[in-house]
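Keep the coordinates open as you go through them.

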Amino acid sequence: MLDYASVKEGAQIVLSTSSDENHPPENIIDGLDETFWATTGLYPQEVIIRFKSPINISSVAISCFNVQKIALEGSEQDNSDKFVLLSEQEFDRDDHHKQNEEIRVEGNKQVHCLRLLITSGYDHFVAVYNVKVNGRG
Amino acid sequence: MPTILRAKCIVTGDAGVGKSSICQVFHSDSSHFPKNYTMTVGVELLVKPVNIPDTRDQVELFLYDSAGKDVFSEQVTKFWEHPNLVMVVYDVTNEASFTNCVRWLERVYSVKPDVSLPGVLVANKTDLDQRRVVSPKQGKELALSKGLGYFECSADKVLIQNILGEVPWDVDNLSEKQLELNHQDQIDHGMTNSSTAIL
């Protein structure tokens, strides 16, 4: 299935609140399972992914570590600060494995920018390996 | 490029023990010692970049200098979400401020019990030797029993760098370990006995 949140499909990271040069936010959309974006302390943390063109998101698959509470927000415009909440989740704690979670997005909303807002974690730092977005372009 | 990590440090303890003095002296690199007492209302936030010895890395320390007066305690704990570090201060000439440290610690832990929280116990006003009632031994014992580092200082005389310099070190360690863990995780998905208990 097409992953809209990948560099291959023209997605970009337009904002992130942490940028460790060894683990930059671009690692989220590079399509590789082994690279990750690491946060560098404090909450909340956010990252905004912009797709090449607006899409109707049906689900978002996230692979991460130590994330507790996360919110997905979408914006119709490609350059806007008006985001609407798509989904809010609390992930289970797993000290030894990646968290692989699939979040269904209802309502068939047009989204050009997707914001991942991590409001708390199970440790001082969290990592996001991958975000895969399914939907219709 | 150096890595900059951020850490939220809660500074707490009884009113008048010198929390704000310590924070301000540290924040100003010892150039500013507040000579008059100003009661802290709520929480005062000070941000101080601290270099980690022997590296090019830096920790941006967010000091949450919290009011010690009980009337503010409810208001103050609202600012304490997601702490990374804690510093409990007492006055060596004031026995009650020492015994209350346990209570302050409990308050901090009640905000975030499931994350490891490195911290220090700080005995302030050691220049007032004549009036000292809490001995170093008592302080060390309490710190040991609570898993904290123990430091003595006098906010107006001694470089506080030593205390706070020690704290971000822990954060750096923490981050290293965390990244290591992430790395291990990606190599070995079946890893079962590695512990995330950091520090």
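1. **A cysteine in chain A.** Cys113(A) has a relative accessible area of 3%, so this residue is buried. Here buried means under 20% relative accessible area, exposed means over 50%, and partly exposed is in between, using a 1.4 Å probe and protein chains only.

2. **How to read the model.** This is a predicted model, in which local features need pLDDT of at least 70, side-chain atom pairs count only at pLDDT 80 or more, and totals for chains, interfaces and linings use all residues. Residues are numbered from 1 along each chain as its sequence is written, chains are lettered from A and ligands numbered from 1 in the order in which they are written, and side-chain values use heavy atoms, with hydrogens and water left out.

3. How many disulfides does the structure hold over all chains? There are zero, with a disulfide taken as a pair of cysteine sulfur atoms within 2.5 Å. In chain B, the cysteine sulfur closest to that of Cys9(B) belongs to Cys23(B), and at 7.5 Å it is too far for a bond. Cys9(B) is also buried, because its relative accessibility is 0%.

4. **The chain B fold.** Chain B has six helices and six strands; helices (H or I, at least four residues) and strands (E, at least two) are DSSP runs, numbered from the N terminus. Read from the N terminus, the order is β-α-β-β-α-β-α-α-β-α-β-α. Of the 199 residues in chain B, 52% are buried.

5. **Strand 1 of chain B and its partners.** Strand 1 (residues 4-13) of chain B is largely enclosed by the rest of the structure, because eight of its 10 residues are buried. This strand runs parallel to strand 3 of chain B, with eight bridges joining the two; strands count as paired if DSSP finds at least two bridges between them. Cys9(B) has Leu63(B) in strand 3 as its bridge partner. Strand 1 also pairs in the parallel sense with strand 4 (residues 85-91) of chain B, over five bridges. In that pairing, Ile10(B) stands opposite Val86(B).

6. **Leu61(B).** Strand 3 of chain B also holds Leu61(B). With a relative accessible area of 0%, Leu61(B) is buried. Leu61(B) and Tyr150(B) are 89 residues apart in sequence, and their C-alpha atoms are 19 Å apart in space.

7. **Helix 1 of chain B.** Eight of the nine residues in this helix are buried, among them Lys19(B), Ile22(B), Cys23(B) and Phe26(B). Just after the helix, Asp29(B) takes a positive phi of about 55°.

8. **The largest pocket.** Its volume is about 550 Å³. On a 1 Å grid over the protein atoms alone, a pocket is an open set of points with protein on both sides within 12 Å along at least five of seven lines, a cavity is a set of points where a 1.4 Å probe fits but cannot get out, and lining residues have an atom within 4 Å of a point. Grid points are joined across faces, edges and corners, and a volume is the space filled by probe spheres set on the points. By class, the lining has 10 nonpolar, 12 polar and eight charged residues; Ala, Val, Leu, Ile, Met, Phe, Trp, Tyr, Cys and Pro count as nonpolar, Asp, Glu, Lys and Arg as charged, and the others, Gly among them, as polar.

9. **The second largest pocket.** About 150 Å³ of space lies here. Of its 10 lining residues, the closest to the centre are Asp33(A), Ser63(A), Asn100(A), Asn130(A) and Lys132(A). Strand 3 of chain A gives the largest share of this lining, three residues.

10. **The largest cavity.** The whole structure has three cavities of 30 Å³ or more, and the largest cavity holds about 60 Å³ of space. Its lining includes Tyr43(A) and His124(A) as well as His82(B) and Lys112(B). The lining divides into three nonpolar, four polar and two charged residues.
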